[in-house]
Amino acid sequence: MKKLTIILILAFIVLASCKQSKQEKQQVTPEKFEFIKKDYELYKPTKEIKAVLILFGGYPEVAKDIKREFKILDIARKNNIAVILSNLNQKLWLEENEQQQLAKSLQTIITENQLPTDNIFIGGFSSGGVVSLLISNYIVGKKQFYIDPKGVFIVDSPIDLVALYKSSEKNIERNFSEPAILESTWLLETLGNNFGNPKDSIKKYEEKAVFTSSTDNISNIEKLKNTKIRLYTEPDTLWWKKNRMADYDQMNAFYIKKLYESLKTNGFNNIEYIPTTNKGYRANGERHPHSWAIVDKNDLINWILTK
């Protein structure tokens, strides 16, 4: 009897040890959530994925910068939304070959990582919002792609290239803010070299820009008529006047509102214009209305998950 008792005790110890070993093994090998590649970073929930969110940063943001400035990953994960952070930046327009290449790349990423193709949302900050609108319009218009976005959003994006050119001329003439002068000098050179002066060749601008307000041209996003669209901006005229001596018609907010009005007039019924107040702050605490922070993350997630 005593011998049997010892055997039972030893057997219990062995089983307990095996169970503990198995638990420890599970703890040190969790399901992978983060996938870092050369051109993008993917954050993929381990449960059933309800949606895919693709984000593009502004000049000169890559994935790590988007993560720092727009802390969306935790809430996305809790709601089973996969997030793709693109390293593509420095694009105020997209050439035809760039659109083709980017669309193929996004479709490959989604396919290879077994992400759902029926609930995709694309958005971006500043120039990243320009990319988001243009690539979404391109994908929807091409039958070879099966990743049509359900929604697209921009965050204080420079959508009007003609307006950018004219605003840059004003900034150079005004000679008030060093950041504005440096940016404007670069913009005049870049836009001028590619499209010339809009006084002489506005058609070239219309062919590439999201919106040309002076001619009410929306041809580069007309295929998004049935796509949900959100336009975020923070029209803080006092901040821009104090820090850049900029007039309202030099602000992205001015043209974003005009785009909203134009799209509504042209039958875009799924569009929202979202102006904010005192939400724009950079991750380092700096007050700046041109920031990812103007987006209410919880509200954005609800928008994505609402059919």
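Here are a few notes on this structure, sheet first and then helices.

1. Keep in mind that this is a predicted model, where local features need pLDDT of at least 70, side-chain atom pairs count only at pLDDT 80 or more, and totals for chains, interfaces and linings use all residues. Residues are numbered from 1 along each chain as its sequence is written, and side-chain values use heavy atoms, with hydrogens and water left out.

2. Start with the open sheet: eight strands in the order E1-E2-E4-E3-E5-E6-E7-E8, with mixed pairing. Strands E1 (34–36) and E8 (271–275) sit at the edges with a single partner strand each, so one side of each has no neighbour in the sheet. From one strand to the next, the twist averages 15°. (Strands are DSSP runs of at least two residues, helices H or I runs of at least four, numbered from the N terminus; two strands pair if DSSP finds at least two bridges between them.)

3. Now zoom in on E6 (residues 149–155) and E7 (residues 228–233): they run parallel, joined by five bridges. Valine 152 stands opposite isoleucine 229 in E7.

4. Next, look at helix H5 (residues 127–140), which has 14 residues. Of these, 13 are buried, so H5 is largely enclosed by the rest of the structure. (Buried means under 20% relative accessible area, exposed over 50%, partly exposed in between, with a 1.4 Å probe and protein chains only.)

5. Finally, find serine 167 in helix H6 (residues 161–174). Serine 167 is buried, at 11% relative accessible area. Its side chain makes a polar contact of 3.0 Å with the side chain of glutamine 250. (A polar contact is a pair of N or O atoms within 3.5 Å; within protein, one must be able to donate a hydrogen and the other to accept it, and residues adjacent in sequence count only if both atoms are side-chain atoms.)

Terms used. The expected span of a helix is 1.5 Å times one less than its number of residues. Axes are lines fitted to C-alpha atoms, for helices over the stretch in contact, and angles run from 0 to 180 degrees between N-to-C directions.
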